[in-house]
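Trainee: I am new to this structure. Please take one part and look at it closely with me.

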Amino acid sequence: MNLKDKVSIIVPVYNAEKKLEDCLDSILQQSYQELEIILVNDGSTDESGKICDSYATAYKHIQVIHQPNSGPSAARNRGIHAATGKYVQFVDADDKVHHVMTEKLVTAATGDLVICGYQSLSPYGQTEYLPSLTGNYTFEKFQQHIGLLFKEIILPSPCNKLYRLENMRKHNITFNEGFTMGEDLLFNLDYIGTCSTIDILPEGLYKYCIHQEHSLTSSYQANFWQQQKHLLEQVSLFLEKHQCNDGANYYYMEQISLQSMINSLDHLFHNQNHLNPMEKIKEMKSLLREIVLDQNLYYKASLQDQLVRMLVRKQRILSLYLLFQVKNKLRHTPLFFQLKKLLRDV
């Protein structure tokens with residue numbers, strides 16, 4: 001670790017005019033000053049491009065790349081190609097970072113990757129996601145905890161991490177531009193496979209701001225389950241490749257499989273899905289045939305997870321249908337956020 005090492009902060013920007021200035025100001029307020037800030041304007045049709053240009057004019061360590069709309073993966077890859085720092089950090093254009101985030105990540109960097117927790121901010125409240133592990137890990141020790149970090153939603157995002165640019169370039173690690181969901185997780189698995197040592201901080205230093213209109217699930221995706229299934233398969237293949245698809249990893253992957261099924265069932269009741277009730281029930285039956293849960297494995301689960309697991313085991317399709325229908329009706333109310341928190345904590 002050297003506090004003079006430059007960090008390239010890559011920000012993909014697409015129609016983020018309402019939140020972009022808050023994001024950029026939080027980066028500019030970093031206590032760590034050895035930065036280059038790379039803004040990749042991904043074909044925005046609002047004022048985002050002009051905002052990027054105005055910041056680049058005002059601050060010499062900010063550069064702007066304008067490109068036709070190609071998606072966040074392509075924007076991040078363009079940023080990686082332009083980066084010149086020792087380290088790379090990713091920030092989404094509608095999020096914010098704690099003012100000491102970069103300094104703490106660089107200070108902790110003894111190996112190839114640094115991971116921290118994050119805060120999830122929504123109109124209804126704040127949730128903090130913190131890794132239950134801390135300290136320095138060799139890859140051999142870290143791989144035993146991949147299932148846990150996946151379950152804690154610490155593993156997937158690139159925004160709560162600090163990467164070595166040399167590793168990316170040496171092993172040609174890039175974001176897969178063919179995926180619209182889960183490409184972050186696939187990128188992280190590819191990168192983790194190149195690491196010798198990994199550092200984990202227990203603090204929530206990234207501020208993930210949830211705006212319904214910008215969420216990945218703000219529009220209905222007919223292939224939602226297929227994408228979820230693909231991600232589960234890729235993680236399992238990674239674990240098998242490194243001979244650690246057992247023990248704690250198996251235990252947590254079972255829970256993640258259940259959560260993926262719940263998310264997929266939930267998505268069937270998206271307000272943009274115009275299937276009639278019988279068609280939704282048919283889709284539910286098809287989905288449930290594709291996933292096999294270990295019914296003999298006991299683990300502590302939230303009230304929601306226990307209820308869904310029991311209904312799946314007993315094949316109570318109609319009860320599942322009613323459960324997710326009611327959940328969708330409550331989704332955009334303060335009551336839903338409180339119930340979600342209660343069911344998660346029970």
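Mentor: I153 is partly exposed, because its relative accessibility is 42%. Here buried means under 20% relative accessible area, exposed over 50%, and partly exposed in between (1.4 Å probe, protein chains only). This is a predicted model: local features need pLDDT of at least 70, side-chain atom pairs count only at pLDDT 80 or more, and totals for chains, interfaces and linings use all residues. Residues are numbered from 1 along each chain as its sequence is written, and side-chain values use heavy atoms, with hydrogens and water left out.

I153 is not a glycine, yet its phi is positive, about 60°. The residue sits in the loop between α6 (146-151) and β9 (161-164). Helices (H or I, at least four residues) and strands (E, at least two) are DSSP runs, numbered from the N terminus.

Q243 is another non-glycine with a positive phi, about 55°. Its loop lies between α9 (224-241) and α10 (247-267). Q243 counts as exposed, because its relative accessibility is 71%.

Now the core. A nonpolar core is a set of buried Ala, Val, Leu, Ile, Met, Phe, Trp, Tyr and Cys residues joined through side-chain atoms within 4.5 Å. The largest one has 78 residues, and V11, F90, F142 and M168 touch the most other members. Helix α8 (residues 183-192) gives the largest share, six residues. A separate second core has 22 residues, including L265, I281, V308 and Y321.

Take F142. Leaving out residues up to four places away in sequence, F142 touches I115, Y137, L149, I192, I198 and I200. Contact means heavy atoms within 4.5 Å.
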